[in-house]
Amino acid sequence: MVQVEIDERSGFCFGVVTAIQKAEQELEQNRKLYCLGDIVHNSLEVRRLNEAGLTTIDHTRFATLKNCKVLLRAHGEPPQTYEVALQNGIEIIDATCPVVLRLQKKIKACYEEQDEQTQIVIYGKIGHAEVNGLVGQTEGKAIVIEKLEDIEKLDFNRPVILFSQTTKPLDGFEKLTAAIKERIKDKNMFEAHDTVCRQVSNRLPQIKEFATKHDWIYFVAGEKSSNGRMLFEECKKQNPHTYFISDAGEINGKLPGFVRSVGVCGATSTPKWLMEKVAQRIKEINNFLP
């Protein structure tokens with residue numbers, strides 16, 4: 001008998017759980033709510049909430065709204081978003097993750113305390129919603145570094161204060177910290193603040209361990225999930241029989257004969273119900289329903 005196991009540690013982080021709960025509570029009362037950007041980087045979960053009355057909008061549409069309710073997702077927003085809401089009579093339902101909110105406040109305080117010579121640097125993905133919110137705390141002046149080679153953007157004769165997007169890999173932050181320390185003119189001109197969320201970063205060793213336990217892995221995540229892509233790549237390094245899917249319908253063929261155990265895991269943006277649906281599909285297509 002082939003065994004199928006869902007990774008209990010995969011699925012939504014608490015910030016996403018809170019945002020979805022807030023959306024569901026509001027929709028139960030009013031059946032209508034706007035959300036600024038996809039509430040989570042998973043198209044099936046977004047569709048489920050859209051069918052319940054949640055309308056996803058972008059910043060252009062947001063600026064035209066008047067006297068309504070808008071949910072801000074876990075990623076957070078720059079100060080300008082709150083200013084537009086105030087001007088337009090929009091009631092904000094703020095679901096910014098507490099970890100992100102603390103980081104925003106930390107960067108804002110740092111920006112206000114430093115002189116213009118100091119370079120505030122954010123290790124993160126350019127254009128990512130969370131990063132946009134963090135850069136907004138510095139009136140757009142923070143320098144975003146995605147990868148090690150990007151440190152050429154910095155002036156190593158000036159002070160540097162480094163922060164990280166909460167969902168970036170910890171080892172990447174540590175490598176970047178070491179590289180800046182090596183290049184900076186005076187070590188006293190450099191501060192590194194490790195602001196990586198441990199709930200997210202701990203998923204990496206956990207998912208590596210899970211991948212080695214099974215003959216075959218289905219990694220479930222949305223195409224837009226950067227966290228999903230990163231975790232999938234690490235999972236595949238541990239187990240070459242790892243396959244990225246976004247929905248149970250993508251599983252069409254039976255498992256090879258050597259497979260005795262199948263693992264189903266996912267990203268911080270993958271709902272539990274979707275992983276359960278995938279597990280059910282595996283059992284059905286391979287004719288080993290309990």
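Helices (H or I, at least four residues) and strands (E, at least two) are DSSP runs, numbered from the N terminus. The protein chain has 11 helices and 12 strands on this basis. This is a predicted model, in which local features need pLDDT of at least 70 and side-chain atom pairs count only at pLDDT 80 or more, while totals for chains, interfaces and linings use all residues. Residues are numbered from 1 along each chain as its sequence is written, and side-chain values use heavy atoms, with hydrogens and water left out.

**The whole chain**

Begin with the C-alpha trace of the protein chain, which spans about 65 × 50 × 25 Å along its principal axes. Of its 290 residues, 53% count as buried; buried means under 20% relative accessible area, exposed over 50%, and partly exposed in between (1.4 Å probe, protein chains only). Among contacts (heavy atoms within 4.5 Å) between residues at least 6 apart in sequence, 70% join residues at least 24 apart.

**The parallel sheet**

Select strands S2 to S5 next. These four strands form an open sheet in the order S3-S2-S4-S5, and the pairing is parallel; two strands pair if DSSP finds at least two bridges between them. Strand S3 (54-57) and strand S5 (91-94) stand at the edges with a single partner strand each, so one side of each is left without a neighbour in the sheet. Direction ignored, neighbouring strands of this sheet are turned by 30 degrees against each other on average.

Within the sheet, display strand S2 (residues 33-36) and strand S4 (residues 69-72), which pair in the parallel sense over three bridges. Cys 35 has Leu 71 in S4 as its bridge partner.

Helix H1 (residues 14-30) lies across S2, S3, S4 and S5 and runs at about 165 degrees to S4. Helix H4 (residues 79-88) lies across S2, S4 and S5, running at about 145 degrees to S5. Axes here are lines fitted to C-alpha atoms, for helices over the stretch in contact, and angles run from 0 to 180 degrees between N-to-C directions.

**The aromatic cluster**

Move to Trp 216, Tyr 218, Tyr 243 and Phe 258, which ring pairs link into a cluster. Rings of Phe, Tyr and Trp (its six-membered ring) pair if their centres lie within 6.5 Å; planes under 30 degrees apart count as stacked, over 60 as edge-to-face and the rest as tilted. By this rule the count comes to six aromatic pairs. Trp 216 and Tyr 218 form an edge-to-face pair, 6.4 Å centre to centre with 65 degrees between the planes. Trp 216 and Tyr 243 are stacked, at 4.6 Å centre to centre and 25 degrees between the planes. Trp 216 lies in strand S10 (residues 216-220) and Tyr 243 in strand S11 (residues 242-245), so this pair ties together parts that are 27 residues apart in sequence.

Colouring by accessibility shows Trp 216 as buried, with a relative accessible area of 10%, and Tyr 243 as partly exposed, at 31%.

**Charges over rings**

Show Lys 236, whose charged end sits over the ring of Tyr 243, 5.2 Å from its centre. The charged end of Arg 229 sits over the ring of Phe 244, 3.8 Å from its centre. The criterion is NZ of Lys or CZ of Arg within 6 Å of the ring centre and within 35 degrees of the ring normal.

**Cys 265**

Finish at Cys 265 in strand S12 (residues 261-266). Cys 265 is buried, with a relative accessible area of 0%. Its C-alpha atom is separated by 5.1 Å from that of Asp 7, 258 residues away along the chain. Not counting residues up to four places away in sequence, Cys 265 touches several residues, including Asp 7, Ile 207, Tyr 218, Cys 235 and Met 275.
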